[in-house]
Amino acid sequence: MALERTFSMIKPDATRRNITGKVLAKLEDAGLRVVAQKRIHMSLAQAEGFYAVHKERPFFGELTEMMSSGPTIVQVLEGDNAIARNREVMGATNPAEADEGTIRKEFALSIGENTVHGSDGPDTAKQEIAYFFSETEIVG
Ligand code: ADP
Ligand code: MG
């Protein structure tokens, strides 16, 4: 299996509820290792840049406002097949459709406030990591 890196965020709904440790435990239990991490408060412009791929979607305003409404933990996670493994432990975007045991099933409040972000492929992982981290901040 290939050792991969992916980009992860623990979203403002989780920092607000003080459950970031519980979310991180799920990520670590899934075999993912934190190789970079920081707590930030994104500006609206930063959130709009990060989610630019969704700018035509009807929920873009709601999403970027929510993501700039409070602190977020941004992370680089490493592990075998980290991208797919992370998506698996996150669960479906809509918590109502998420499998038992997933982060979103357990913690998400709604399809918008769904606790975590994870890259959806190798290209987005690379791009999203570079949006928040320099190479020297990643310590595998
Ligand atoms: P995922 O985070 O599972 O990759 P998407 O990339 O489709 O999902 O969407 C990005 C984020 O936008 C979601 O995690 C969620 O916070 C928000 N979002 C997605 N769909 C909706 C929706 N219908 N209404 C409100 N927010 C949404
Ligand atoms: Mg996505």
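These legends describe close-up views of a predicted model. Local features need pLDDT of at least 70 and side-chain atom pairs pLDDT 80 or more, while totals for chains, interfaces and linings use all residues. Residues are numbered from 1 along each chain as its sequence is written, chains are lettered from A and ligands numbered from 1 in the order in which they are written, and side-chain values use heavy atoms, without hydrogens and water.

**View 1. The residues around ligand 1.** Residues count as near the ligand if one of their heavy atoms lies within 4 Å of it. Among them are Phe 59, Glu 62, Leu 63, Thr 93, Arg 104 and Asn 114. By class, this shell holds 3 nonpolar, 4 polar and 5 charged residues. Asp, Glu, Lys and Arg count as charged; Ala, Val, Leu, Ile, Met, Phe, Trp, Tyr, Cys and Pro as nonpolar; the others, Gly among them, as polar.

**View 2. Polar contacts of ligand 1.** A polar contact is a pair of N or O atoms within 3.5 Å. The side chain of Lys 11 has an N or O atom 3.0 Å from an oxygen atom of ligand 1. For His 54, a polar side-chain atom lies 3.1 Å from a ligand oxygen, and for Arg 87 the distance from a side-chain N or O atom to a ligand oxygen is 2.9 Å. Of the 530 Å² of accessible area that ligand 1 has on its own, the protein covers 82% (Shrake-Rupley method, 1.4 Å probe).

**View 3. Phe 50 and Tyr 51.** Rings of Phe, Tyr and Trp (its six-membered ring) pair if their centres lie within 6.5 Å; planes over 60 degrees apart count as edge-to-face. The whole structure has 6 aromatic pairs. Phe 50 and Tyr 51 form an edge-to-face pair, 4.9 Å centre to centre with 90° between the planes. Phe 50 is buried at 9% relative accessible area, and Tyr 51 is buried at 5% (buried means under 20%, exposed over 50%, partly exposed in between; 1.4 Å probe, protein chains only).

**View 4. Tyr 131 and Phe 132.** This edge-to-face pair has its centres 4.9 Å apart and 75° between the planes. Tyr 131 is partly exposed at 35%, whereas Phe 132 is buried at 8%. Ring pairs link Tyr 131 and Phe 132 into a cluster with Phe 7, Phe 50 and Tyr 51.

Technical notes. A polar contact is a pair of N or O atoms within 3.5 Å; within protein, one must be able to donate a hydrogen and the other to accept it, and residues adjacent in sequence count only if both atoms are side-chain atoms. Rings of Phe, Tyr and Trp (its six-membered ring) pair if their centres lie within 6.5 Å; planes under 30 degrees apart count as stacked, over 60 as edge-to-face and the rest as tilted.
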